[in-house]
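Reader: Please show me the model. I will ask about it piece by piece.

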Amino acid sequence: MSGFLAPQPHVDERALDRGLRDLMWDATFATVVGALNSGVVLVAFALWLGAPNTVIGLLAAIPLWTQILQAPAVSLVERLRARRRISIVALTIARITLPLFAILPLIPDRRLALMLLIVLEIVHTAFNAICACSWNSWIRDLVPEDRLGRFFARRTIFATAVGMACSLLAGFALQSQQTASGGGDGVVFTLLYSAGFLAAVISTWRLARVPEPLMPPPQPKQTLWTLLKAPLKDPNFRTLIRFMASWQFAVNSATPFFTVYFVQQLGLGMGWVMTFSVVSQAANLLVLRTWGQLSDRFSNKSVLNVAAPAFLLCIAAMVFASEIDGRLELIVYLSVLHAFMGMASAGVNLATGAVAMKLAPRNGATAYIAANSLIASAAAGLAPILGGLSADFYAARELSFQVLWRDPGGVSEFFALRITHWDFFFLISATIGLYAMHRLSFLVEEGTVRRRVVVREIVGETRRGMIRNLSPVKGLRPVFPAAALIDLHARYRQQKRAARARDYREGLKAAD
């Protein structure tokens with residue numbers, strides 16, 4: 001097995017293509033594991049065991065804080081110089097915990113089962129973090145830089161398509177669990193974690209088949225602090241770390257509590273929660289390829305300048321959900337909001353993952369990416385812990401806004417908004433996110449363009465897609481009045497800009 005997992009001195013084009021296909025399959029089945037065994041399912045499992053808000057916050061923080069293990073994993077990679085072997089061994093240990101999760105519903109004492117759930121989650125995510133450290137460096141050296149954006153976009157598309165189907169199945173299962181008398185016997189969680197383990201076995205096997213390029217000759221022996229200090233001395237990469245830390249803190253101040261918000265404050269079932277997740281994944285899938293093309297054409301920062309503010313707006317807009325009285329209107333509103341959130345998160349996730357790999361030097365990617373993950377994860381892990389601890393404080397508070405019109409005929413209410421409990425978290429998250437966007441403005445990445453250029457490209461790509469779909473003959477442009485008007489307006493604006501530039505040049509000549 002050690003010979004099978006050993007690095008290769010040279011990875012030819014054929015081996016590279018085969019390895020990239022295996023990475024696609026690995027991502028697909030790894031997404032099945034995530035859809036069936038983490039996120040909403042894990043929170044639902046904890047709520048079924050009677051977890052309070054502090055434990056929900058802790059479960060959200062565990063995967064983030066265990067990223068601290070990437071620090072010693074850097075030394076492990078530098079010493080063993082066998083990244084594939086480290087990844088597979090760590091991933092195997094992490095996924096052996098899944099069958100143990102499956103037997104927790106059989107334990108009569110739910111308090112004990114909840115404690116074991118936390119312990120197993122720590123073990124599972126800790127070894128996943130060790131795997132991630134070696135995996136990032138391995139894939140950074142394997143995938144050509146000019147294919148990073150397209151590759152990760154395609155990889156995520158395949159994975160998301162399968163994840164959507166699994167999320168729907170998990171949603172139906174959780175809904176049946178929730179509607180059962182007494183909350184059910186928990187057999188649904190046993191089935192979900194057992195199925196996740198089978199998918200994990202296939203994912204691990206596919207990843208083991210991906211070739212690993214030989215690492216460059218080792219540098220003189222350095223301490224862990226020396227390795228991690230190098231990215232902190234790089235001004236531009238230090239700016240990236242500051243952005244990632246503030247962004248992760250902002251996002252994780254709110255998103256881990258969405259499930260609790262939907263179930264406890266809005267009174268929705270787990271089936272609807274999973275349906276919203278599927279809507280978000282479907283929207284994510286629709287635009288992911290476009291985000292990948294834009295990141296390759298311009299830069300990852302250009303994508304973040306558009307996608308990140310849109311994601312923050314979606315979090316802030318979650319406040320209005322508690323003001324909607326009708327159940328149908330509430331479901332429609334949350335579905336639309338999750339669709340926009342899914343489209344925005346597609347760009348954010350793609351760009352934040354790719355920009356760290358792009359800015360890290362090829363021969364020093366392990367330490368750079370690990371330092372970024374370490375600091376960002378520490379900030380992200382702190383957010384849900386603080387949220388869980390302060391949940392009861394905000395539950396007893398309310399902030400109201402009213403816009404009234406008084407006249408001799410009486411008083412008319414034009415606008416009213418009540419901010420209660422989890423609504424405070426959403427507004428705090430969006431506010432901190434604005435600071436993260438400020439940090440992003442200092443990042444330097446080649447190819448970055450203004451936000452409006454990216455928006456114009458997105459609108460243009462959408463319009464071209466609509467025209468292609470409406471055209472009955474391949475290669476012909478349909479007679480489409482709206483498209484013609486848009487083109488005419490674009491040409492008019494282009495001519496107007498050219499005329500202004502010409503007048504400006506002539507004015508300079510006259511001044512001379």
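Reader: How many of the nine residues of helix 2 are buried?

Author: This is a predicted model: local features need pLDDT of at least 70, side-chain atom pairs count only at pLDDT 80 or more, and totals for chains, interfaces and linings use all residues. Residues are numbered from 1 along each chain as its sequence is written, and side-chain values use heavy atoms, with hydrogens and water left out. Helices (H or I, at least four residues) and strands (E, at least two) are DSSP runs, numbered from the N terminus; buried means under 20% relative accessible area, exposed over 50%, partly exposed in between (1.4 Å probe, protein chains only). Helix 2 is largely enclosed by the rest of the structure, because the buried count is eight of its nine residues.

Reader: Which residues in helix 2 are buried?

Author: Helix 2 covers residues 40-48. Its buried residues are Val40, Val41, Leu42, Val43, Ala44, Phe45, Ala46 and Trp48.

Reader: Which residue with a positive phi follows helix 2?

Author: The phi value is near 90 degrees. The residue is Gly50.

Reader: How do helix 2 and helix 6 run relative to each other?

Author: Two packed helices are described by the angle between their axes and the distance between the axes. Axes are lines fitted to C-alpha atoms, for helices over the stretch in contact, and angles run from 0 to 180 degrees between N-to-C directions. Helix 2 and helix 6 (residues 110-142) pack at about 155 degrees, with axes 9 Å apart. Angles under 35 degrees count as roughly parallel, over 145 as roughly antiparallel, 65 to 115 as roughly perpendicular and the rest as oblique, so helix 2 and helix 6 are roughly antiparallel.

Reader: What is the make-up, by class, of the contact of helix 2 with helix 6?

Author: Contact means heavy atoms within 4.5 Å. Leu42, Phe45, Ala46 and Trp48 in helix 2 meet Arg110, Leu114, Leu117 and Glu121 in helix 6. Ala, Val, Leu, Ile, Met, Phe, Trp, Tyr, Cys and Pro count as nonpolar, Asp, Glu, Lys and Arg as charged, and the others, Gly among them, as polar. The contact has six nonpolar, no polar and two charged residues.

Reader: Which side chain makes a polar contact with the side chain of His124?

Author: His124 is found in helix 6 and is buried, at 12% relative accessible area. Beyond its neighbours within four places in sequence, His124 is in contact with Ala94, Arg95, Thr97, Leu98 and Phe101. A polar contact is a pair of N or O atoms within 3.5 Å; within protein, one must be able to donate a hydrogen and the other to accept it, and residues adjacent in sequence count only if both atoms are side-chain atoms. At 3.3 Å, the partner is Thr97.

Reader: What separates the C-alpha atoms of His124 and Ala94?

Author: The two residues are 30 residues apart along the chain. Their C-alpha separation is 4.3 Å.

Reader: Asn136 is in contact with which residues, leaving aside neighbours within four places in sequence?

Author: Asn136 also lies in helix 6. Its relative accessibility is 14%, so Asn136 counts as buried. The contacts are Met357 and Ile369.

Reader: Which residues does Ala27 touch, not counting those up to four places away in sequence?

Author: Ala27 has its place in helix 1 (residues 13-37). It is buried, with a relative accessible area of 5%. The residues touched are Arg155 and Ala159.

Reader: How many bridges join strand 1 to strand 2?

Author: Two strands pair if DSSP finds at least two bridges between them. Strand 1 (residues 398-407) and strand 2 (residues 410-420) run antiparallel. A hairpin of two residues joins them. Arg406 has Val411 as its bridge partner, and Asp407 stands opposite Gly410. The bridge count is 10.

Reader: What is the phi of Arg81?

Author: Most residues other than glycine have a negative phi. Arg81 lies in the loop between helix 4 (70-80) and helix 5 (83-103), and is buried at 18%. Its phi is positive, near 55 degrees.

Reader: Where does His421 lie?

Author: His421 has a positive phi of about 45 degrees, although it is not a glycine. Its relative accessible area is 16%, so His421 is buried. Its place is the loop between strand 2 and helix 16 (422-440).
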